[in-house]
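Have a look at the sequence and the structure, then read on.

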Amino acid sequence: MLYWVNFTPPMVGAADYNLTGGEYLLFGTSTAYPVYPLIIGCDEEVFAGTPTPVFVGYVNTSWGDPIPDLEGYELPVEPLAGATVYADGDPVGTTNENGIVNVSLPPGEHILYADKPDFIRSESI
C-alpha cells in the first residue's frame, strides 16, 4: 500500500507519520511504479443534456519535490489521455489527448470519478 500527504510521498511509513491537521491524505495500491493519483474536475453546475467538459489529469510528483501546502499552490498536474470517466458507476466516456471528455447527463445529481490502469483512481465529485 502506498500513501501520499498533500500529493507528496512521505519518507516514513504511514504508522510513523503524524498528521498535523488540514492535510490531504490519499492511500492507493498499484502493480506498476511509479504510480500517479488522478484528479478529476468539471463545473459544479451543468445543464441536463448539454455536453459538459470533464478534465482528468494525474499528479506528477515523480521527481519527489515536496508540495508544502495545497492552498495557493498549483499541483503539477498533467492531462491524461485514455482515462475512463464514470457517472454513477457507469462509463460515460474516455479522455482525449488534452485530458478532456464531453459528458451529457440526465437531470439530477451525479457522482463522477475517473480511472485508468496503473494510476490511482480519482476521488469522486
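Is Ser122 buried or exposed? With a relative accessible area of 4%, Ser122 is buried, because anything under 20% counts that way. Please keep in mind throughout that this is a predicted model.

A polar atom of the Ser122 side chain lies 2.8 Å from the backbone nitrogen of Ala114. Neighbours within four places in sequence aside, Ser122 is in contact with Leu38, Ile39, Ile40, Tyr113 and Ala114. Three of these names, Leu38, Ile39 and Ile40, come up again in strand β3, and Tyr113 comes up again in an aromatic pair.

## The overall picture

The protein chain has zero helices and nine strands, so read from the N terminus its elements run β-β-β-β-β-β-β-β-β. Of its 125 residues, 32% count as buried. Among contacts between residues at least 6 apart in sequence, 50% join residues at least 24 apart.

How confident is the predictor, and what is the mean pLDDT of the chain? The mean is 79, and 78% of the residues reach 70 or more. One stretch to treat with care is residues 63-70, where pLDDT stays under 50; the model has 16 contacts beyond four places in sequence for this stretch. Where pLDDT is low, the predicted coordinates should not be read in detail.

## Strand β3 and Gly41

β3 runs antiparallel to strand β4 (residues 52-59), and four bridges join them. Within β4, Val56 is the bridge partner of Ile40.

Gly41 belongs to strand β3. Its relative accessibility is 25%, so Gly41 counts as partly exposed. Which residues does Gly41 touch, not counting those up to four places away in sequence? They are Pro53, Val54, Phe55 and Ile125. Gly41 and Ile125 are 84 residues apart in sequence, yet their C-alpha atoms are 7.7 Å apart in space.

## Strand β6 and its two partners

Strand β6 pairs with β7 in the antiparallel sense over four bridges, and Thr84 stands opposite Thr94 in β7. The two strands form a hairpin with two residues between them. In that turn, Asp88 has a positive phi of about 55°.

β6 also pairs with β9, again in the antiparallel sense and over four bridges. Here Ala87 stands opposite Leu112 in β9.

## The stacked tyrosines

The structure holds two aromatic pairs. One of them is formed by Tyr86 and Tyr113, with 4.8 Å centre to centre and 10° between the planes. Why does this pair count as stacked? The planes are 10° apart, and planes under 30 degrees apart count as stacked.

The pair links distant parts of the chain, 27 residues apart: Tyr86 sits in strand β6 (residues 84-87) and Tyr113 in strand β9 (residues 112-115). Both Tyr86 and Tyr113 are buried.

Thr95 lies in the loop between β7 (90-94) and β8 (100-103). Its relative accessibility is 6%, so Thr95 counts as buried. A polar atom of the Thr95 side chain lies 2.6 Å from the backbone oxygen of Leu80. Apart from residues up to four places away in sequence, Thr95 touches Val56, Leu80, Ala81, Gly82, Ala83, Val85, Ile100 and Val101.

Val101, one of those contacts, is found in strand β8. Val101 also counts as buried, because its relative accessibility is 7%. Leaving out residues up to four places away in sequence, Val101 touches Thr52, Pro53, Val54, Val85, Gly93, Thr94 and Thr95. Val101 and Val85 are 16 residues apart along the chain, and 7.9 Å separates their C-alpha atoms.

Conventions: Residues are numbered from 1 along each chain as its sequence is written. This is a predicted model: local features need pLDDT of at least 70, side-chain atom pairs count only at pLDDT 80 or more; totals for chains, interfaces and linings use all residues. Side-chain values use heavy atoms; hydrogens and water are left out. Rings of Phe, Tyr and Trp (its six-membered ring) pair if their centres lie within 6.5 Å; planes under 30 degrees apart count as stacked, over 60 as edge-to-face and the rest as tilted. Buried means under 20% relative accessible area, exposed over 50%, partly exposed in between (1.4 Å probe, protein chains only). A polar contact is a pair of N or O atoms within 3.5 Å; within protein, one must be able to donate a hydrogen and the other to accept it, and residues adjacent in sequence count only if both atoms are side-chain atoms. Contact means heavy atoms within 4.5 Å. pLDDT is the predictor's confidence in each residue, from 0 to 100. Two strands pair if DSSP finds at least two bridges between them.
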